[in-house]
Amino acid sequence: MAIKSSYSDHNHICPVFSPSTNQVLLGRETPKHYGITSPISLAQAKEADLVLTHRLTEALKPYGVFEEELELQRRIHVLGKLNTLVKEWIRDVSETKNLPASVIETVGGKIFTFGSYRLGVHTKGADIDALCVAPRHVERTDFFSSFLDKLKEQEEVKDLRAVEEAFVPVIKLSFDSIEIDILFARLALQTIPENLDLRDDGLLKNLDIRCIRSLNGCRVTDEILHLVPNIDNFRLTLRTIKLWAKRHNIYSNILGFLGGVSWAMLVARTCQLYPNAVASTLVHKFFLVFSKWEWPNPVLLKQPEDCNLNLPVWDPRVTPSDRYHLMPIITPAYPQQNSTYNVSASTRAVMVDEFKQGLAITDEILQNKAEWSKLFEAPNFFQKYKHYIVLLASAPTEKQHLEWVGLVESKIRILVGNLEKNEFITLAHVNPQSFPGPKESREKEEVSTMWVIGVIFKKMEASENLNVDLTIDIQSFTDTVYRQAMNSKMFEADMKIQAMHVKRRQLHQLLPNLVMPKRRKHSTEGLRQMNDSSLDLSLDSDNSMSVPSPTAVPATVPMLTPVKSGPLGPPPSPIAAAASQPEAPAVKRPGSPMQEERKRVKSDAEDSAVEKKPSGDPVTTSLTPSPPPTMGPPAAPQTSHQEVLEEEDPCPVPETRTTEDGAAAREVEAAQVNEDSMSEEMPASEGEVKMEADIKRMVSADLSDVPLLPANPIPVVKNSIKLRLSR
């Protein structure tokens with residue numbers, strides 16, 4: 001199904017994609033049609049569809065996606081208390097500002113909810129996104145002063161903190177053990193009526209931009225619920241898709257995948273196209289529609305309208321940067337925005353590949369050839385690629401680490417964009433799940449977090465040697481992070497970012513409890529039992545992948561042997577660690593029967609390759625420190641160590657040195673990665689080949705918000721990775 005895009009200036013309408021020839025624009029006189037095109041099918045559900053939907057509901061239960069009635073009632077009770085507090089506070093503020101008694105009695109004020117709770121798809125233990133709406137005489141400063149004080153007086157309130165300078169200012173708290181984020185919006189109204197509809201565009205007049213941003217979450221959520229034909233079918237389908245996305249590591253807005261609102265809009269569009277279908281059919285149609293969608297044509301739930309309020313809206317005709325968005329999903333409430341501006345060429349390729357795999361699995365399910373549980377089988381990210389970049393962020397204390405990790409994670413998409421632009425890289429896939437990092441020593445207090453990025457390098461000709469330098473790609477990313485940390489006064493000594501290249505067979509040394517070293521023969525019985533165990537999805541966030549896996553990381557992580565280095569030195573060597581401690585048992589997630597069969601065939605092929613391989617020294621990887629070049633002005637002190645990746649090889653690459661600043665930035669001891677000597681690694685999977693083909697057709701991601709590299713970068717740890725891939 002190909003859906004084309006075109007733009008019209010008629011009645012100042014914002015960009016919309018026009019339907020194909022067999023579809024027509026929705027008119028006001030056809031209320032049964034939802035969305036901007038007529039439905040693809042009006043077919044009613046059959047008995048078999050209802051049976052499959054019941055089975056789907058049962059398959060979801062072990063994952064904790066449904067909240068028990070008692071817990072739901074507790075949430076309603078807590079929100080009721082919070083709403084009462086808001087009304088009392090607004091009356092108190094009204095009295096201090098000498099409003100007439102008649103106005104004070106009817107001044108109102110209200111708590112609205114949005115996000116997963118408002119959509120009715122929140123999971124066990126999920127937080128609640130809330131909005132405090134106040135009349136015009138209540139200022140934002142009142143919200144962050146007197147209302148904050150009122151919350152402090154409540155014994156049920158814990159962990160209270162205000163983030164007043166955020167892009168969307170917020171008060172965070174735990175109310176009776178339920179996490180709540182409260183935004184604030186001041187409307188240009190004398191009183192706030194109980195039946196206020198926030199979808200009214202007129203409410204946005206004369207509001208400051210922070211209030212408009214705060215209102216946006218509620219307005220988008222309410223519009224979505226009004227634009228789907230059947231809310232119950234929508235909710236069950238969305239629960240399914242969100243669980244599938246989390247299990248397949250593609251649920252993270254901040255890292256360039258999709259967040260909760262984006263997934264909700266894709267599901268809502270599917271519901272519009274199949275208005276009478278039940279959840280089992282809608283899940284299948286979801287994968288059908290979006291595996292064939294012609295990106296970057298936008299997904300829209302309604303005709304965008306211009307309210308003449310001069311607010312910036314998504315419009316590639318007017319805003320050049322909007323033309324670079326690769327997977328636009330446009331919010332239905334004014335001012336319309338693209339909720340997926342973080343998506344890159346790599347993350348889109350990964351998601352489209354997952355859509356295609358989801359379609360194949362649901363085809364089997366609808367033919368009774370597979371169970372719904374197969375859709376939620378988690379693929380093994382750590383067996384998918386031959387090469388990985390491991391990113392490590394560390395800080396001296398827990399509090400500093402929390403801030404530091406938040407900043408680093410928010411910028412990882414810049415690193416992915418840098419890697420994508422490298423002419424020798426076809427795909428960079430970051431795993432949204434982060435992991436506790438190793439400690440440099442038992443004595444030193446340090447908290448660290450790791451992210452793992454799978455990398456596909458360009459395919460080489462038989463006689464071609466490929467020299468790949470990732471130093472500048474990584475260094476420009478770290479410079480951006482350090483610069484922002486210093487500009488925001490957040491940077492502290494010993495806050496570090498380190499990067500290293502790790503091959504698939506070495507990952508188990510950094511993640512011993514998640515990655516199983518490749519074995520020639522192994523039993524899958526224990527793995528099958530582990531995959532069948534129930535999981536509790538205790539978190540629900542639009543910005544992170546929060547589904548615990550069957551192989552959850554334990555509270556303590558084995559420490560690796562430290563490498564002596566300066567305050568910003570390289571991370572410990574995984575090889576050194578392997579030599580100093582016994583190999584911990586690790587668990588590999590089972591794949592589908594088809595995946596297991598492919599792996600068995602690959603393993604047989606690898607065995608024969610190993611038999612033909614001439615004897616020789618094994619190729620090992622180690623990280624050894626060497627002094628860095630000066631990264632700032634010539635007089636800047638050299639306070640850090642350069643990370644060097646080195647491999648043993650009969651013909652090592654000679655070390656290169658230079659004193660010029662431009663060349664010094666690329667100073668490194670090169671590592672030779674001989675592909676023939678890596679015969680124990682699996683060949684590229686079918687998914688890798690597909691994604692590589694897809695990504696070559698894509699434009700580069702828009703990183704217009706990334707500041708240029710400063711003329712004098714601050715002297716921090718240098719992460720140098722230079723590889724030679726040869727055949």
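Does Asp-149 count as buried or as partly exposed? At 40% relative accessibility, Asp-149 is partly exposed; buried means under 20% relative accessible area, exposed over 50%, and partly exposed in between (1.4 Å probe, protein chains only).

Before continuing, please note that this is a predicted model, in which local features need pLDDT of at least 70, side-chain atom pairs count only at pLDDT 80 or more, and totals for chains, interfaces and linings use all residues. Residues are numbered from 1 along each chain as its sequence is written, and side-chain values use heavy atoms, with hydrogens and water left out.

Helices (H or I, at least four residues) and strands (E, at least two) are DSSP runs, numbered from the N terminus. Lys-152 is exposed, its relative accessible area being 56%.

The structure holds 19 salt bridges. Select Glu-194 and Lys-87, whose closest N and O atoms are 2.5 Å apart in another such pair. This pair joins distant parts of the chain, 107 residues apart: Glu-194 is in the loop between β5 (178–186) and α6 (209–226), and Lys-87 is in helix α2 (residues 69–96). Glu-194 is partly exposed, at 47% relative accessible area.

Next, select Asp-315 with Arg-317; their salt bridge has its closest N and O atoms 2.9 Å apart. Asp-315 is buried, at 6% relative accessibility, whereas Arg-317 is partly exposed, at 31%. Then select Glu-71, Arg-74 and Asp-176, which salt bridges with shared partners join into one network.

**Last stop: annotated positions**

An unreviewed UniProt entry places the feature "binding site" at several residues, including Ser-116, Asp-181, Lys-242 and Val-261. UniProt positions are given in the numbering used here, feature names are shortened, and annotations may be inferred rather than shown by experiment. Select Ser-116 in helix α4 (residues 115–119); Ser-116 is buried, with a relative accessible area of 8%. Finish at Val-261 in helix α8 (residues 260–273), where Val-261 is partly exposed, at 27%.

Key:
A salt bridge is a side-chain nitrogen of Lys or Arg within 4 Å of a carboxyl oxygen of Asp or Glu.
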